[in-house]
Amino acid sequence: MSEAHEEDEEDINPFTMLLAGEDEDGDPKRNTRLHASPGKPQLEQHYVRSVDAALVIRQLPSQGLSFQLWPAATTLVTLLDDHRRDPSKSPLSPILSATSDGPDRVPLSILELGSGTGLVGIAAAVTLGAIVTVTDLPHVIPNLQFNVDANSAALTANGGTVTVAPLRWGEAVDVELIGREFDVILASDVVYHDHLYEPLLQTLYLLLGGRETTSFVMAHLRRWKKDSAFFKKAKRAFNVEVLYEDSPSEGSRIGVVVYRITGKKIRKSNVVSANKA
Ligand SMILES: C[S@@+](CC[C@H](N)C(=O)[O-])C[C@H]1O[C@@H](n2cnc3c(N)ncnc32)[C@H](O)[C@@H]1O
């Protein structure tokens, strides 16, 4: 086997991995592909049991990977749904309860990076009643906004809000515009091209740097051996722990893993030794 083939451990087609059902029976309580003609926009419905709401997402596969829903996104949506139904059994509880409980509870403020279709951010807003900002590259913004608007009824019914904004990884000015006062940062399937590792890490330094209070919750499906280079680099600057592991889907050896990444506190001794160096 060539080196290139070894690297490409799994060639994932997000469409074949995604949905529990692909019928068009219109049942609002199923995950359903509503329209799927080749080259045309695809509408998919995702039922969120905890709030009895069907979210609808438009995908534009002909426009590239930013316009498709990826497998790790559905894992995060399921975790958010399950958390809302029973926080006592949820792997997200240490993060979401620590930041949202108490008598003076204010809505969680959440940022999503590389949102793609926006399903994760929209699901976070409806399940947590959170104030969410979904972000991506500028050319992805119109479809993101379309999907947020398409789910306005579910958002209003559940007290969540979603704002759409461009945020290019590695661009400090974009983080300055958005701010860094978020309780939680979410992302799914954002570690894939190695040239994007460094810009993504730079954005994480800007958002999490020096503090342990904001958690970056990242769902990841490992496809290539090279993915481990991202985690190696991340571990140098951040605390990285596994929150949850999905069982592999049929025909696959690896399932989606959800990580919690936080900034390492800057300790006085580190600053002193850095100054001496
Ligand atoms: C594999 S897709 C995952 C999309 C979505 N999170 C999901 O799980 O369905 C990766 C996403 O990262 C975004 N992305 C790639 N490079 C980026 C960059 N430099 N700055 C911001 N977003 C970027 C892409 O546009 C795309 O939406």
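Residues are numbered from 1 along each chain as its sequence is written. Because the model is predicted, local features need pLDDT of at least 70 and side-chain atom pairs count only at pLDDT 80 or more, while totals for chains, interfaces and linings use all residues.

The average pLDDT (the predictor's confidence in each residue, from 0 to 100) is 86 for the chain, and 80% of the residues score at least 70.

The chain holds 11 helices and 10 strands, taken as DSSP runs (helices H or I, at least four residues; strands E, at least two) numbered from the N terminus. Of its 277 residues, 38% are buried, that is, with 20 or more other C-beta atoms within 10 Å of their own. Among contacts with a separation of 6 or more, 66% link residues 24 or more positions apart.

Now to the helix pair. The axes of H3 (residues 71–85) and H5 (residues 119–128) come within 9 Å and cross at roughly 5°, which makes H3 roughly parallel to H5 (angles under 35 degrees count as such). Ala73, Leu76, Val77, Leu80, Asp81, His83 and Arg84 in H3 meet Leu119, Val120, Ala123, Ala124 and Thr127 in H5. These contact residues divide into 8 nonpolar, 2 polar and 2 charged, where Ala, Val, Leu, Ile, Met, Phe, Trp, Tyr, Cys and Pro count as nonpolar, Asp, Glu, Lys and Arg as charged, and the others, Gly among them, as polar.

How values were computed. Axes fitted to C-alpha atoms, helices over the stretch in contact; angles between N-to-C directions. Parallel < 35°, antiparallel > 145°, perpendicular 65-115°, else oblique. Contact = placed C-beta atoms within 7 Å. Buried ≥ 20, exposed ≤ 12 C-beta atoms within 10 Å, placed from the backbone.
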